[in-house]
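Trainee: I would like to go through some of the words used for this structure and ask what each one rests on.
Mentor: Then ask, and we will set each value against its cut-off.

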Amino acid sequence: MKITAIKSHVLAYDLPDGELGYSQQYYTRRTAHLVEVSTDEGVTGWGECFGPGGVALVNRTIVEQVIAPMLIGRDPLERSACWHQVYNLLRDHGQKGMPMQALSGVDIALWDIAGKIAGLPLHAMIGGKQRDRVGVYGYGMMLKRESTDDHVARFKDEAQVIRDAGFHATKMKVGLGLRADIRLAQAVREGVGDDFPLMVDANHCYTAGDALHVGQALDELNAFWFEEPVAPEDHDGYRFLRERLTTRIAGGEAEFTRFGWRDLLASKGLSLAQPEVCALGGISEYLKVLALCQANMVPVMNHVWGSAVAVATNIHLVAALEPMPGGLFPSEPWLEFDTTHNAFRDELLEEPLHIQKQVAAEKGTVAVLNKPGIGVDPDRDFLAHYAVESERP
Ligand SMILES: [Mg+2]
C-alpha cells in the first residue's frame, strides 16, 4: 500500500453574527484546514491542522510542498516512521508551531487510514474506549467591541443558555483588564449558579502577578480551572500560580511534541494538561504526550478547536482516556465544545455529529463513534463551496 497524494483543503466563511474575540484578537472569519491522504488501494484518510486565517494557508504550503514530497510513495501504515522522517528533517526549521501543526493533520489522516484498513475505530486502535458516552463542556462568552457593562450582561445570559442547553460545564473568555475580568467571572458565576463547573480562559494575557490577582477572585468563585493565565513560555509563572491558587491551573494548547511537553510538565506548573492533537504533532505524538502527563500525574482535558474532523478525532481520544487517578468515582474527562457558529463542524459531514442535539437529549453527553478510523466523511460539495484558494482566508 502506498500514499499517492496529500492534499490540503482550506475552508473559510464570514461569521454570520459578526466579530468574535479573545484576549489576543478579534476575528470575523471561520477557517478550517483539512488534510486528505489518498492511497493506491482507494482508502482515503482525513486529518486536520490547527491554525486559522493566514496560518492555515502557510500550513497548506508546508503540507503540500514540504511534507507531501517526503511521504508520497511510502506505506501509510508506517505512521511512526513517516512521522520521524518528517520531524527529523523539519527539526532544523521549526520544532514547534506551524511545521508541527502541518505534520499533525497528515499524521491524523494516516491513523484514519490505519483504522479503516484494520476495520477498527480509532479508540480501539489506541487501547479501547473507557466509556460509551463522553461528557461535553460548552464554551462561549467571547469578547466583542462593547462596553464592560454590556459584556457583563451578555456573559451572564450566555452562561445560563449554555447551562440550560445541557452541557456539563462552561468556559468563558477574559482579557478586558483585571477589574473588568473579575466582574465578568462574577457575572458568569451568578448566571450559572453555585454548583455548576465554571472555567476561565485568559489566552495568556496576564503577567504572573496580575494572574494571581484574578486567580484569587476565581478561588472565591470556586472556579474549576484557570486556563492559560500566563504566556506558554512562562513556566515559572505557571508554577508560581499553581503553588498559590486553589483553582486548577490549565494549559498546554500552545505546546508541541513530547520534547516541549517534557519541559512543561517538569516545571510542575500544570494541574490539568490540555494537549491539542491537531497542533502538537498528531495522534502519534499525542499518545506520547499523554504518557508523559500520566507519568507526571497530571490529568488531561484535550484542547478541541476546529471542524467535525477535529471534534470526531477528539471524541475517540477522550473516549479512550484512562481515569486518572483511578477509583470508584473517578473524575471524567470532558469534550471541549465551542458553542459559537461553526458550519465546518455542524455541516461538513455527510452524516453530521449532532453534538448539540445529543447534549440536550442525553444528559450533556455524546456517543462514542464506532465506524473504522475516525469515522467521518466530509461532503465533497461542501468542501468545494467553502474552499479558499489564495485570497484572504
Ligand atoms: Mg484556551
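What follows is a set of questions and answers about a predicted model.

Trainee: Why is L20 called buried?
Mentor: Buried means under 20% relative accessible area. L20 has 10%, so L20 is buried. The residue lies in strand β2, which covers residues 20–22.

Trainee: What is L20 in contact with, apart from its neighbours within four places in sequence?
Mentor: The contacts of L20 are L15, Q25, Y26, Y27, M142, L143, K144 and T340. To count as a contact, heavy atoms must be within 4.5 Å. As for M142, it is 122 residues from L20 along the chain, and their C-alpha atoms are separated by 6.0 Å.

Trainee: Are C82 and C205 buried, exposed or partly exposed?
Mentor: C82 has a relative accessible area of 1%, so C82 is buried. C205 stands at 30%.

Trainee: What makes D201, E227 and E253 donors of the magnesium ion?
Mentor: For this metal, a donor atom has to be within 2.8 Å. The OD of D201 and the OE of E227 and of E253 coordinate the ion at 2.0 to 2.3 Å. Along the chain the donors follow the spacing D-x25-E-x25-E. D201, in strand β8 (residues 198–201), and E253, in the loop between β10 and α9, are 52 residues apart, and the pair links distant parts of the chain. Both D201 and E253 are buried.

Trainee: Why are α3 and α10 called roughly perpendicular?
Mentor: The class roughly perpendicular takes angles of 65 to 115 degrees. α3 and α10 pack at about 95 degrees, with their axes 6 Å apart. The two helices are therefore roughly perpendicular to each other.

Trainee: Which residues meet where α3 and α10 pack?
Mentor: From α3 there are S104, D107, I108 and W111; from α10 there are G282, I283, S284 and L287. The buried residues of α10 include Y286, V289, L290 and C293. Besides α3, the buried residues of α10 pack against other elements, among them α2, α9 and α11.

Trainee: Which residues of α7 are buried, and what covers them?
Mentor: A208, A211, L212, V214, G215, A217 and L218 are buried. The cover includes α6, β8, β9 and α8. Just after α7, N222 has a positive phi of about 55 degrees.

Trainee: Why does R183 count as partly exposed?
Mentor: The class lies between the limits of 20% and 50%. At 37% relative accessibility, R183 falls in it and so counts as partly exposed. R183 lies in helix α6 and touches T148, D149 and V152, not counting residues up to four places away in sequence.

Trainee: Is T257 buried or exposed, and what of K363?
Mentor: T257 has a relative accessible area of 2%, so T257 is buried. K363 stands at 75%, above the limit for exposed, which is over 50%. T257 is in helix α9, whereas K363 lies in the loop between α13 and β13. T257 has a positive phi of about 55 degrees although it is not a glycine, and phi of K363 is near 55 degrees.

Trainee: What is the omega of the peptide bond from M324 to P325?
Mentor: Omega is near -10 degrees, and the bond is cis. P325 sits in the loop between α11 and β12.

How values were computed:
Residues are numbered from 1 along each chain as its sequence is written. This is a predicted model: local features need pLDDT of at least 70, side-chain atom pairs count only at pLDDT 80 or more; totals for chains, interfaces and linings use all residues. Side-chain values use heavy atoms; hydrogens and water are left out. Helices (H or I, at least four residues) and strands (E, at least two) are DSSP runs, numbered from the N terminus. Buried means under 20% relative accessible area, exposed over 50%, partly exposed in between (1.4 Å probe, protein chains only). Donors are N, O and S atoms within 2.8 Å of the metal (3.2 Å for Na, K and Ca); water is not among the atoms, so sites may look incomplete. Axes are lines fitted to C-alpha atoms, for helices over the stretch in contact, and angles run from 0 to 180 degrees between N-to-C directions. Angles under 35 degrees count as roughly parallel, over 145 as roughly antiparallel, 65 to 115 as roughly perpendicular and the rest as oblique.
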